[in-house]
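I set out to record what I looked up in one structure. The entries follow the order in which I consulted it.

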Amino acid sequence: MVFKSKFLAASGLFLSLASLGCAHPGEGHQKRVQEASNAHMVAALNARALEACNQRPEVKARKERAIARRQATFTELRQKRGLKDESFVHRRDDAAFQKWAAVDHNKTGIVDFGQDTPAEDLFASNTSCLLAPDNANGPYFVYQELIRQDVVEDEPGVPMHLEFQFIDVNTCEPADVLVDIWSCNSTGQYSGVSAEGQGGLASSYLRGVQPTDDEGVVNFDTLFPGHYEARASHQHIIVHVGSKILDNGTYTGGVVAHLSQLFFDQKLIDAVEQLEPYNTNQIAQTPNLEDAFAGYGATEEYDPFINYIVLGSDLSSGLFAWAELGLNTSSNWDLYAPYASIWKEGGGSDNPAFNFSIVGTPPPTHG
């Protein structure tokens, strides 16, 4: 399997609109319409139920624990990087995407952290217990990637520690799932795939999998992603339910219950893109509001932008970034999560059954 890395520029938007009709020839049009209708109904019911969920004492207590946990992680990251006494910087389309794009997610600009700044002002999240809309999988998903927290390997770039918390919208409880992340490197190449211009089957940088803990939390050490043609910087996520962890440090089985892409403040992207090696990328940047897939990431209630704090006084010190995502663990979106290749020690292999026609299509859950 060899395909062009410029695929999204030429056909991404077309696929997102048209491939529902051709991606799964065995299903009739009526069944697809019914599937979409059912999904929208479920999303609406979840949204109403979650308003009450947020008022539960145990949910409020979980939010308080999340704030304390993020504060502790931030302090630990600064200590590891020798930044304990250094000041730091802070802050917090569709019409919905434009709404959230206008919000500042930088939590950094307050110098007197720990003295006058309440932790909840820095480490809270405005997306708690909300159903996160699914997004297109894209062509670069690799199956059975390594279960590991640190995915950087030898790649250069701005360090980024990610914390994601997943809540099951059916129960308002932390989700017991396996979380798969990947992103391109600082100059726009993905690892693990044989596509032209990408890292190749023997590479595995910026990819990894983690099981959630008792609070539904996973942590990854990665890099801030670069950009490639027709796409703004973004972070891919797939959530597996019912998977089995294997002795070789990978996983198998289960179903995909959620797939999405998270985005970054435009000001942050612009600042990172001025640094090496990001500034060596010759491909023109695509702003958030011109990204063809950005609109699928937001609803009126859900913010698809990652909250972040710069650990020190400049970006080279790294970022601590976090998000909370609500998902329906009863969902099965395997159809929308085709994998281009399978990881294997010493070099992966192409998936001969890869369904390229569906990679630009999000599940019909965006309402």
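The entries below concern a strand pair, one glutamine and the nonpolar cores of a predicted model.

Entry 1, strand pairing. I looked up strand β7, residues 217-223, and found that six of its seven residues are buried. I then checked its pairing with β3 (residues 159-168): the two strands run antiparallel and are joined by seven bridges. For Met 160, I noted Thr 222 in β7 as the bridge partner.

I located Gln 144 in the loop between β2 (142-143) and β3. Is Gln 144 buried or exposed? I recorded Gln 144 as buried because its relative accessible area is 17%, under the 20% limit. I next listed the polar surroundings of the Gln 144 side chain. One of its polar atoms lies 3.1 Å from the backbone oxygen of Tyr 251, and the side chain also makes a polar contact with that of Thr 252, at 3.4 Å. Leaving aside residues up to four places away in sequence, Gln 144 touches residues including Leu 246, Ile 342 and Trp 343.

I examined the largest nonpolar core, which has 38 residues; Phe 164, Phe 166, Phe 224, Ile 237, Leu 319 and Leu 325 touch the most other members. Among the elements giving two or more residues to this core I noted β3, β7, α6 (266-272) and β13 (319-327). The largest share, five residues, comes from β13. I listed contacts of Phe 224 beyond four places in sequence, including Met 160, Leu 268 and Leu 319. Apart from this core I found another, of 26 residues, among them Leu 146, Ala 195, Ala 337 and Val 359.

Notes:
Residues numbered from 1 in each chain as written. Predicted model: local features only at pLDDT ≥ 70, side-chain atom pairs only at ≥ 80, totals over all residues. Heavy atoms only, no water. Buried < 20%, exposed > 50% of the residue type's maximum accessible area, 1.4 Å probe, protein only. Helix = DSSP H or I, 4+ residues; strand = E, 2+ residues; numbered from the N terminus. Pairing = 2+ DSSP bridges. Polar contact = N/O pair within 3.5 Å; in protein donor to acceptor, adjacent residues only side chain to side chain. Contact = heavy atoms within 4.5 Å. Core = buried A, V, L, I, M, F, W, Y, C linked by side-chain atoms within 4.5 Å.
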